[in-house]
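Dear colleague,

Here is the structure I promised to pass on to you. Please open it beside this message, and read the notes below with the residues in view.

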Amino acid sequence: MGNSLSPLTLSIIGFGAIGQGVATIVQNVPQIKVVAIADSKGVALMPDLKDVLARKRGGQPIANSNLTALDVIRTIDHDVVVEVTPTNIHGGEPGLTHVREALKNKRNVVTSNKGPLVAAFDELTQLAYTNGVALRYEATVGGAMPIVNLIRDTLAGARVLDIRGVLNGTCNYILTRMAEEALDYDQVLSEAQDMGIAEADPTYDVTGIDTACKVVILANAFFGRSATFADVDVTGIDRITQDALQLARQRGFAVKLVGDVQELTVSPKLVPIGHPLNVSGTLNAASILTDTAGEITVAGKGAGSIETASAILSDILSVMRDRS
Ligand SMILES: NC(=O)c1ccc[n+]([C@@H]2O[C@H](COP(=O)([O-])OP(=O)(O)OC[C@H]3O[C@@H](n4cnc5c(N)ncnc54)[C@H](OP(=O)(O)O)[C@@H]3O)[C@@H](O)[C@H]2O)c1
């Protein structure tokens, strides 16, 4: 591992929307050097970032070596593994093995991948601790919206009693348009898919699975739980009717998909129209209830390549600060 004067060295494991966002923004940070980038097909060693981004965007292979992502994590000397492969809630792979091996090899990990944390939060935080490295995951909850580090650092002097969040931009977009334009669920979902706001298979989002993963991460991080996905009582938005939304609206409420971290629940809930949790469109929001600071609500962009990469960069810079 480098010292405080040498550049911080990173690998980027996963080169989709977020991996490319990270490569794009670290180009402007001279204290950071990317030593390897992996996608599912291979590894670019000592990449020229401009070139590798252009290749990926042009649909060309990025690999210039015979190494695998795991070879990079295990054998290339570097400070931080940025793990940004797809979230898999059934066991967390391939991210779980990447994160586990990185920590075992005394590399700091910064990730936006919920899968490993949902599958093995306690094991991974313990591994980080025993190996004297950081495991940072601001981007797993709320994308660019600060929440993990806000609670851990800024709100360190208060006890957190509950966190309630609107943590899925796709669901929030669908509910907002259904309520404001009196449109049916299927119509808004299909338009959201055309606009790239909802996935072709929207199941993870609309059934509440994605929000439940975020609830698990926050519960384990801040309430000392050892929760997994199975512990969360989940109801999605896929059976919400237009009538229910209009009735709520007439009474001064919006219906939001709310994850309640203390309760370990995800369900559509009534939020007063004037409450700061009532954000519209693809925005995320979280209300943090504390003993001494009262209720603090944050809102921001929960997804997006550069937006999410900004949260990852903030975690990388924290690792850099801790190193010096
Ligand atoms: N997109 C967002 O706005 C957002 C926001 C917050 C959190 N996240 C989380 O961030 C992570 C990345 O999201 P994304 O949108 O960038 O996903 P993505 O576009 O699907 O990209 C995933 C990348 O991982 C690569 N990959 C898959 N298996 C791999 C393996 N075994 N070894 C190395 N690379 C592998 C893929 O390779 P190929 O390119 O070869 O297919 C692809 O480059 C996910 O866990 C997601 O849940 C995303």
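Val-29 is found in the loop between helix 1 and strand 2 (32-38), where helices (H or I, at least four residues) and strands (E, at least two) are DSSP runs, numbered from the N terminus. With 14 other C-beta atoms within 10 Å, Val-29 is partly exposed; a residue is called buried if 20 or more other C-beta atoms, placed from the backbone, lie within 10 Å of its own, exposed if 12 or fewer, and partly exposed in between. Val-29 and Pro-7 are 22 residues apart in sequence, and their C-alpha atoms are 9.8 Å apart in space.

Before you go further, please keep in mind that this is a predicted model, in which local features need pLDDT of at least 70 and side-chain atom pairs count only at pLDDT 80 or more, while totals for chains, interfaces and linings use all residues. Residues are numbered from 1 along each chain as its sequence is written.

The protein is divided into domain 1 (8-144 + 305-323) and domain 2 (148-301), with bounds that come from an automatic or database domain assignment. The C-alpha centres of domain 1 and domain 2 lie 27 Å apart. The contact between them takes 15 residues from domain 1 and 17 residues from domain 2, two residues being in contact if their C-beta atoms, placed from the backbone, lie within 7 Å. On the side of domain 1 that touches domain 2, the largest share, five residues, comes from helix 5 (residues 114-131). The residues of that side of domain 1 divide into seven nonpolar, four polar and four charged, where Ala, Val, Leu, Ile, Met, Phe, Trp, Tyr, Cys and Pro count as nonpolar, Asp, Glu, Lys and Arg as charged, and the others, Gly among them, as polar.

Helix 5 also holds Thr-125, which is partly exposed, with 16 other C-beta atoms within 10 Å. Thr-125 and Arg-136 are eleven residues apart in sequence, and from C-alpha to C-alpha they are 9.5 Å apart in space.

Six strands form an open sheet in the order 3-2-1-4-5-6, with mixed pairing; two strands pair if DSSP finds at least two bridges between them. Strand 3 (43-45) and strand 6 (135-136) are the edge strands, each of which pairs on one side only. Strand 4 (residues 80-83) and strand 5 (residues 108-111) pair in the parallel sense over four bridges. Along this pair, Val-80 stands opposite Asn-108 in strand 5, and the bridge partner of Glu-83 in strand 5 is Thr-111. From strand 5, Asn-108 and Val-110 point one way and Val-109 and Thr-111 the other way, and all are buried.

The largest nonpolar core has 93 residues, and those with the most contacts inside it are Ile-12, Val-82 and Ile-217. Such a core is a set of buried Ala, Val, Leu, Ile, Met, Phe, Trp, Tyr and Cys residues joined through C-beta atoms within 7 Å. The largest share of this core, ten residues, comes from helix 10 (residues 209-222). Because domain 1 and domain 2 both give residues to this core, it lies between them. Leaving aside its neighbours within four places in sequence, Ile-12 is in contact with Gly-19, Val-22, Ala-23, Val-34, Ile-37, Val-82 and Val-84.

Around the ligand there are 25 residues, of which the closest are Gly-14, Gly-16, Ile-18, Ser-40 and Ala-303; a residue is near a molecule if its C-beta atom, placed from the backbone, lies within 6 Å of it. Helix 1 (residues 17-26) gives the most to this shell, with three residues. By class, the shell has eleven nonpolar, eleven polar and three charged residues.

Finally, some details of the backbone deserve a look. The peptide bond from Glu-93 to Pro-94 is cis, with omega near 5°, and Pro-94 lies in the loop between strand 4 and helix 4 (95-104). Met-46, in the loop between strand 3 and helix 2 (49-57), is a residue other than glycine with a positive phi, near 40°, and it counts as exposed, with 12 C-beta neighbours inside 10 Å. Ala-182, in the loop between helix 7 (169-181) and helix 8 (185-194), has a positive phi of about 50° although it is not a glycine, and Ala-182 is exposed, with 11 other C-beta atoms within 10 Å.

With best wishes
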